[in-house]
Amino acid sequence: MGTYVPNTREEQQEMLNSIGYSSMEELFTLPKEVLLNRKFHIPEGVSEYEVRNKMTKISEKNQVFKSIFRGCGAYNHYIPSIVKQVTSKEEFVTAYTPYQAEISQGVLQSIFEYQTMICELTGMDVSNASVYDGATAAAEAVLMCAEKKRKKIIISETMNPEIIETIKTYCSGLDIQIVIAPSKDGKTDSEVLTTLVDQETGGVFLQQPNYFGQIEDAEEVGRIAKAKDAKYVISCNPISLGILKTPAEYGADVSVGEGQPLGLPLSFGGPYLGFMAATEKMMRKLPGRIAGETKDKEGRRAYVLTLQAREQHIRREKASSNICSNQALCAMTAAVYLSTMGKKGIEKAALLSMSKAHYLANRLCELDGFQLVYSGEYFNEFVTTCKGNPEHLMKRLEEHGILGGYPLQGKHAGNLLWCATEINTKEEIDQLIHIIKEGV
Amino acid sequence: MKLIFEKSKAGRGCDILPSCDVPVVELDDNLKRQKELRLPEMSETDISRHYTELMKRTFGVNDGFYPLGSCTMKYNPKINDEIAKLPGFSNIHPLQSISTVQGCLEVMKKAEEYLCEITGMDGISFQPAAGAHGEFTGLLLIRAYHQARKDEKRNKIIVPDSAHGTNPASAAMAGFTVINIASTKDGYVDLEELKKVVGEDTAGFMLTNPNTMGLFDKNILEITEIIHKAGGLNYYDGANLNAIMGIARPGDMGFDVVHLNLHKTFSTPHGGGGPGSGPVGCKENLIKFLPLPRVEEEDGVYKLILEKEESIGRVKGFYGNFLIVVRALTYILTLGGNGLKYASENAVLNANYMMHKLKDIYKMSFPGPCMHEFVMTIEDLKKEKGVTALDIAKALLDYGIHPPTMYFPLNVHEALMLEPTETESKETLDEVVEIFKKVYEEAMSNPQSLHQSPKKTPIGRPDEVTAARNPVLRYHF
Amino acid sequence: MKDMLFSKTHEWIQFLDETTVRLGLTDFAQSELGDLVFINLPEEGDEILISESFADVESVKAVSNVYSPVTGTVSRINEELLDHPELVNESPYEAWFVEIENVREQHELLSEEEYQQFIHEEE
């Protein structure tokens, strides 16, 4: 049996005796009727060596792809070595939420630096210390925007469907009305949107670049929202902000997104990182932890968790969000990643991703039966038609160690959503094209 | 210490990415960002040293005793982290085809099976990313249950005053009205109060058991029956499950919905505030409402169920904090059924041992025996010497131990709540008891000195009032 | 403190005319609460009901409701408090929270002397 209990059985007995008990059972004064009185149907514990073998075998039942051309909210970017090393430091990994500021300056300062970097990326004034992921960040933003007299929230249909589903679940018990704005040629239909936004609209939500990779006319959508004094929320891909216009430049009141591309591995979907930033005016509506700068009694610069009276542990049922644990270590990962890449590195990651995606699209479109479905500009994702059954093609690519585009569902079934990042080489792309073309 | 931005030097950086081997795309000017992106420009040496400096100003479980009540700061086994880093787990795209992720699905199914056995539940979803997220999800299950029965007038959730703040906050987010009830002076649920507030509008009742005073509610079967008879459901906050693994199960106490904190009971690290994992479990009759997707097994082949009409829907992207589940499963396999019970027994033993050694000096809020944690009150010390729970906590910092949870639960004045966990040795506990005694003596003999503590930490007490009145939330270049 | 009346929930009230009042927190209340860091005020035009909370005040680790001793409509809010919550600590009887018009209902209010007596008994 593996165990992390240091005390030997003899020491335990000694401790029991010293406090007036003769056995463990005596310590447990639970009512008889609730006692389990049998062993768990769970295998007996084993050594570390055996657990390692067992878990490694399970992990080998998954296929690790050497080439990945799939995104849809989870992106395969290069992770610099230092990012993995720094975020494996035991102190960072095992510390609790930094309530005791005097011995938590490391975590607090790293959050403060992370907040600054998120503000720089998005152009917004203030950032929180993270939420669970991009989908829950968008859902929390809905709670920030809905007001007594503005309970209608408009979500563009071109947002990632998982985000839309999460928002709907978050609002299912609340008096908030979710309206989905339709799209045209892969982008939000601004004509229809204009008719939907009214004096009761709390917020308008847009994803940039959107689920289909298209770069939205985010200025126009912002104008439509502002015309009725609705809040404007943009969910964005943080890497794209190395080159693309920022949410602030589009006039967003709140900016959210999935921070996974900033140094976090694919991890079968989590842990990821939800980032949230806002204008100063919306600062007090931000959910979750926020680190702030102050001084100690001797005038030394110090960091603390601040604006805490917004939060559940103080406001209880009147808190606007229930979030307590967040994704602190993932936020630190993003900060180390952004520091390592620097301004030039992020720009390069963005430009390489976009360029590779365009090369991939051009090559795919040379093939019979493959063409771009939407006509607009795109960043590093795009949708094509597919010759034959997309699932069959993907199966064939899998055999070559390639994870191809994502076979879209529902009304987009039959089409593929492709993605490229700086990791994909020209050689890899050419090989992909060769395999599809030759039918091997 | 300087901020990373203050260490930045123009022109420096790391060479991480290759040059472009395909034609470079020209971006339209009206799509380009205008504002300069000011990120640190640093050599790798300087980044590495910066974070090592931050590391030295961080207190982890490896640094010393960490008795934060209700947070279960047990040792985080290293094998768990190594397994989570295996490429077969960490390099898997969440939208790969089912046949290529059988290992991931096996992890979730096995973890579900074991956690169901541990809690006495019938189904579990790993989608919630943290305890509060689990509460919210569990409360939506309760909502869905009443709605499916067309019993829509049930809009109230009853919460005892000793509950964690997340309980009422989650209930409100799920659209319920919160009814707070006071605990008895012995620290238990007040049955008379409970009977008074239950009725046709009761949707459910939330309880942590053992509760935040470290007490197991003896009347638990009667409590859950009162709620069931009134037509409501019982919700178990699993924050304190570490006290009862292998001894008793929420499912056998009349609870219908449970959330667990894998980052407490199942040894996964806290990461300075997250990521955690807050799986939600429920009884058979509620499984159909669980979030999607769900993993199912048929003849050794795993599949994902994506659609089910009655599901509350999705509460997060993909399947939850998967790598945390990998860590927890590794832990469960290491300890095994017998080891889990052994862990709980020792958690309770360590708490009782400490409580016993401290009770002659510190006033205990409730007499022993306790479960895995106990609460002391400094109320008398405050009246006599003006020393508060905060002063005691800050003084402990100078002795290199993390203070207990302060000012919680809310129904105890000047509370200090201690949870030593099972992974501390007798010597550590003995040493810490001596430190607590020393601090108490100091409070009696020289209270002024305690107001000044801590003195040996990188900073003294920070000015939180200024931080909140004039928020500075980012570096200004 | 001229013309001020007091409630048992520690608000002061000053009649500007027969149906218009100003409300604030008493000196006793602010000293119990400690350094305030933010004041949440209602919006102009909001209807306020007697005995219900119409604002809350935040200290670093707590939040407390401010209850209305009257029923009426908010006609003005003291926006200065939004940026300077410390005014409530520094000069509680000048740092008014809201003005309420159309006052239709009011609690039995205490004179200054009665209020001092009341807090003395509470302690």
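Begin in chain A with strand β7 (residues 201-208) and strand β8(A), which run parallel and are joined by six bridges. This is a predicted model, and each stop should be read with that in mind. Within the pair, select G203(A), whose bridge partner in β8(A) is K231(A). Now colour β8(A), residues 231-236, by burial: the strand is mostly covered, with six of its six residues buried. K231(A), V233(A) and S235(A) point one way from β8(A), while Y232(A), I234(A) and C236(A) point the other way, and all are buried.

Zoom out to chain A as a whole. Its secondary structure comes to 14 helices and 16 strands, and its C-alpha trace spans about 80 × 55 × 50 Å along the principal axes. Of the 440 residues in chain A, 62% are buried. Among contacts in chain A with a separation of 6 or more, 73% are between residues 24 or more positions apart.

Stay in chain A and select the open sheet of three strands, which has the order β13-β16-β15 and antiparallel pairing. Strands β13 (381-384) and β15 (406-407) of chain A stand at the edges, each with a single partner strand, so one side of each is left without a neighbour in the sheet. Helix α12 (residues 328-365) of chain A packs on this sheet, touching β13 and β16 of chain A, and its direction makes about 10° with that of β13(A).

Next, colour by chain and turn to the interface between chains A and B. On the two sides, 166 residues of chain B are in contact with 166 residues of chain A. Helix α10 (residues 322-358) of chain B gives the largest share of the side of chain B that touches chain A, with 22 residues. By class, that side of chain B has 90 nonpolar, 49 polar and 27 charged residues.

Within chain B, select helix α7 (residues 166-173), which is mostly covered, eight of its eight residues being buried. Among these buried residues are N167(B), P168(B) and M173(B). What covers the buried residues of α7(B) includes α11 (312-315) of chain A, as well as α6 (131-148), β2 (156-160), β3 (177-181), β4 (202-208) and β5 (233-237) of chain B. After α7(B) comes G175(B), whose phi is positive, near 90°.

I118(B) lies in helix α5 (residues 102-119) of chain B. Is I118(B) buried or exposed? It counts as buried, because 28 C-beta neighbours lie inside 10 Å of I118(B). Not counting residues up to four places away in sequence, I118(B) touches F40(A), M245(B), R249(B) and L340(B).

Finish with chain C, which averages a pLDDT of 92, with 98% of the residues scoring at least 70. Among the elements of chain C, helix α4 (residues 112-122) has the lowest mean pLDDT (90) and helix α3 (residues 86-90) the highest (96). The model as a whole scores ipTM 0.97 and pTM 0.96.

Select residues 20-101 of chain C, where an unreviewed UniProt entry places the feature "domain: Lipoyl-binding". Over this stretch chain C is 20% helix and 45% strand, and the end C-alpha atoms are 4 Å apart. For "modified residue: N6-lipoyllysine", UniProt (unreviewed entry) lists K61(C). In the model, K61(C) is in the loop between β6 (53-59) and β7 (63-67) of chain C. K61(C) counts as partly exposed because it has 16 C-beta neighbours inside 10 Å.

Which residues are in contact with K61(C), leaving aside its neighbours within four places in sequence? They are Q308(A) and I314(A). Select both sides here: the contact takes four residues from chain A and six residues from chain C. The residues on the side of chain A that touches chain C divide into two nonpolar, one polar and one charged.

Technical notes
Residues numbered from 1 in each chain as written. Chains lettered and ligands numbered in written order. Predicted model: local features only at pLDDT ≥ 70, side-chain atom pairs only at ≥ 80, totals over all residues. UniProt positions renumbered as here; feature names shortened; annotations may be inferred. Helix = DSSP H or I, 4+ residues; strand = E, 2+ residues; numbered from the N terminus. Buried ≥ 20, exposed ≤ 12 C-beta atoms within 10 Å, placed from the backbone. Contact = placed C-beta atoms within 7 Å. Nonpolar A, V, L, I, M, F, W, Y, C, P; charged D, E, K, R; others polar. Pairing = 2+ DSSP bridges. Axes fitted to C-alpha atoms, helices over the stretch in contact; angles between N-to-C directions. pLDDT = per-residue confidence, 0-100.
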